[in-house]
Amino acid sequence: MKRQTRLLIGLAVAFMALVLIGAAVQTIRSLLWDLSYFLPPWLLTPVLLLGFALVATLAVQVGWPMWKRLKSRPSQHPRQATPAPQNRRDAATTSLGHVDRLIERIQDDISRRSLQNERDRVAEELKRGDLVVVVFGTGSSGKTSLIRALLNEMVGDVGAPMGVTKTSRAYRLRLKGLERGLQLVDTPGILEAGDEGLSREETARRRAVRADLLIVVVDGDLRASEYAVVTSLAGLGKRLLLVLNKRDLRGVDEEKRLLQVLRSRCQGQLNAADVVACSASPQSIPQPGRRPLQPLPDVSDLLQRLAVVLHAEGEELIADNILLQCRSLDSRGRDLLNDQRSREAKRCIDRYSWMGAGIVAANPLPGVDLLSTAAVNAQMILEMAKIYGVEMSRDRAKDLTLSLGQTLGKLGIVKGAMSLLGTSLSLSLPTLVLGQVLQGVVTAWLTRIAGSSFMRYFEQDQDWGDGGMQTVVQQAFELNRRELSLQRFLASAMRQVVEPLQQSAAGRLPPRPGPQQEGEASAPGHPER
């Protein structure tokens with residue numbers, strides 16, 4: 001069946017080729033026949049060859065540039081694919097490389113040094129060999145007592161002073177069967193009142209974000225504020241163990257009920273096995289006639305779960321944590337770079353706005369002709385593209401300028417600008433300079449709208465969004481027509497356009513009739529601009 005299909009297709013193609021060849025031969029014969037009425041036989045062939053040469057030359061002159069333009073389009077040259085990282089550590093190293101390139105572009109010295117210091121810290125953590133376990137919770141949950149109990153179980157008595165934790169304190173130890181060292185970090189309590197409490201909580205949260213594994217300690221059901229903290233940390237991708245402390249104060253049934261409640265609340269964020277109970281500092285038991293009995297801490301369930309998690313997932317926890325910090329650092333660098341680009345773009349827009357206004361005001365036209373300032377706007381787009389690190393040709397900038405001008409006309413923004421600004425300026429300007437000023441000021445305002453629109457375009461990776469160019473331009477128009485924005489613009493317009501034109505107009509006026517004051521005849525010069 002396939003052979004028959006191929007045979008039929010081959011015959012069809014051959015038939016079409018014969019038809020085309022026959023049509024071409026017939027056309028040449030008809031052309032020779034028609035030319036034989038006007039030309040001698042010896043001149044037919046040279047004329048025919050010359051005609052073919054002219055057609056071929058025209059095709060090359062027109063077709064070759066079009067072909068080169070098509071070949072030079074970015075879409076015709078797919079970017080070389082970057083090899084995918086083999087593991088999380090490679091991904092973290094790649095991310096740090098991106099941060100290095102961001103740091104090179106940041107101009108503010110303070111921001112650059114801060115980002116560089118944070119980058120160096122993350123790089124050191126990438127090289128380190130310790131697993132960092134951070135204990136996190138309210139001041140009343142018993143987290144400091146829990147750390148003391150864990151340290152006693154792991155390494156015996158600890159000499160470091162314990163008690164109420166106001167600053168982070170780390171303890172380095174070795175866990176049997178674990179190749180890597182372990183850092184156990186105690187953090188200040190969260191949800192404490194006052195400015196000092198908020199400051200300590202911020203410190204605790206920063207340490208929690210840098211942890212490979214988090215132990216969140218509670219002494220009962222999760223409060224709304226505690227649940228919000230657990231949810232936010234789990235949302236960051238942090239591995240959590242939720243510990244219900246003070247089990248010695250509850251009966252077995254009450255403990256089971258609370259564990260079930262906690263597992264139900266954290267379903268989807270924590271595994272059921274990651275919610276355990278312990279007693280970090282059991283209350284003493286009175287003994288009549290003897291010293292009270294002090295039970296030993298009961299943290300065996302937590303130790304067992306901690307060992308299982310660290311042995312099974314330790315390497316992945318380190319890599320995940322470092323990768324998360326690298327991505328956070330990359331995001332911070334991008335935010336700094338975007339703020340820098342935004343400031344530079346606004347200065348660029350301001351400069352080209354008044355440049356366009358000066359061109360139109362110096363050469364007044366009957367109306368606001370957008371094409372008269374197209375070159376200025378195209379140059380503004382090219383400079384903005386350079387600010388945002390985008391390669392753009394001059395032809396592309398001209399096309400964007402033309403499209404934006406057409407959009408401004410379709411939306412009625414040109415007429416709206418004439419009406420809005422004309423009403424505002426007519427209240428403070430004489431008729432003598434109003435027409436000339438109005439055209440320059442409107443041009444500057446429309447250039448601002450264009451610049452604001454292209455800021456959005458470049459910030460969105462050269463994408464106008466779902467609503468297209470019209471929606472972006474309309475939003476820029478609405479933002480610039482707000483009362484506060486308009487007042488600031490008109491105040492700048494008075495300094496940049498109105499006052500220079502008023503001085504120029506005063507210099508061109510004829511002298512007033514009447515006797516001149518003494519000294520005037522000898523000093524008829526123009527006022528300084």
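Colleague: Is Trp-354 buried or exposed?
Modeller: Trp-354 has a relative accessible area of 11%, so it is buried (under 20% is buried, over 50% exposed, anything in between partly exposed, with a 1.4 Å probe and protein chains only). This is a predicted model, in which local features need pLDDT of at least 70 and side-chain atom pairs count only at pLDDT 80 or more, while totals for chains, interfaces and linings use all residues. Residues are numbered from 1 along each chain as its sequence is written, and side-chain values use heavy atoms, without hydrogens and water.

Colleague: How many aromatic pairs are there?
Modeller: The count is 7 aromatic pairs, taking rings of Phe, Tyr and Trp (its six-membered ring) with centres within 6.5 Å; planes under 30 degrees apart are stacked, over 60 edge-to-face and the rest tilted. The rings of Trp-354 and Phe-489 are stacked, because their centres are 5.5 Å apart and their planes at 10 degrees. Trp-354 lies in helix H9 (residues 300-362) and Phe-489 in helix H15 (residues 483-508), 135 residues apart; helices are DSSP runs (H or I) of at least four residues, strands (E) of at least two, numbered from the N terminus.

Colleague: And Phe-489, buried or exposed?
Modeller: Phe-489 is buried, at 4% relative accessible area.

Colleague: Which residues do ring pairs link into a cluster?
Modeller: That cluster holds Tyr-388, Phe-454, Tyr-457, Phe-458 and Trp-464.

Colleague: Changing topic, where is Ser-279 found?
Modeller: Ser-279 sits in the loop between strand E6 (275-277) and strand E7 (285-287). With 3% relative accessibility, Ser-279 is buried.

Colleague: What does its side chain make a polar contact with?
Modeller: The partner of Ser-279 is the side chain of Asp-248, at 2.8 Å.

Methods: A polar contact is a pair of N or O atoms within 3.5 Å; within protein, one must be able to donate a hydrogen and the other to accept it, and residues adjacent in sequence count only if both atoms are side-chain atoms.
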